[in-house]
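Reader: I'm new to this one. Can you walk me through it?
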Amino acid sequence: MFSQSIFAQLVRMSVLLVLSLIAVHNSPALLNLLAQQAVNSGCHQQTGQDDSHQHSHHHH
């Protein structure tokens, strides 16, 4: 069975994180897409609340 040390897994994940951050930083289109997805998922979650309470933060 193939096994890796915790350190090797941590290094691999860190490298993937850095590469992902570099890709997003150097691609404005990708950055805008991710930002839009974050806004959509944060502001339009379906939590079962009534509509007036759910959108109350838009009326400040």
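Reader: Which helix holds Phe7?
Author: Phe7 sits in helix H1 (residues 6-25). Helices are DSSP runs of H or I, at least four residues, numbered from the N terminus. This is a predicted model, where local features need pLDDT of at least 70, side-chain atom pairs count only at pLDDT 80 or more, and totals for chains, interfaces and linings use all residues. Residues are numbered from 1 along each chain as its sequence is written, and side-chain values use heavy atoms, leaving out hydrogens and water.

Reader: Is Phe7 buried or exposed?
Author: Phe7 counts as exposed because its relative accessibility is 64%. Exposed means over 50%, buried under 20%, partly exposed in between (1.4 Å probe, protein chains only).

Reader: OK, new topic. How many helices and strands are there?
Author: Three helices and zero strands. The order from the N terminus is α-α-α.

Reader: Where is confidence lowest, and where highest?
Author: Helix H3 (residues 51-54) is lowest, with a mean of 53. H1 is highest, at 93. That score is pLDDT, the predictor's confidence in each residue, from 0 to 100.

Reader: What does the protein average?
Author: A pLDDT of 78. At least 70 is reached by 67% of the residues.

How values were computed. Helix = DSSP H or I, 4+ residues; strand = E, 2+ residues; numbered from the N terminus.
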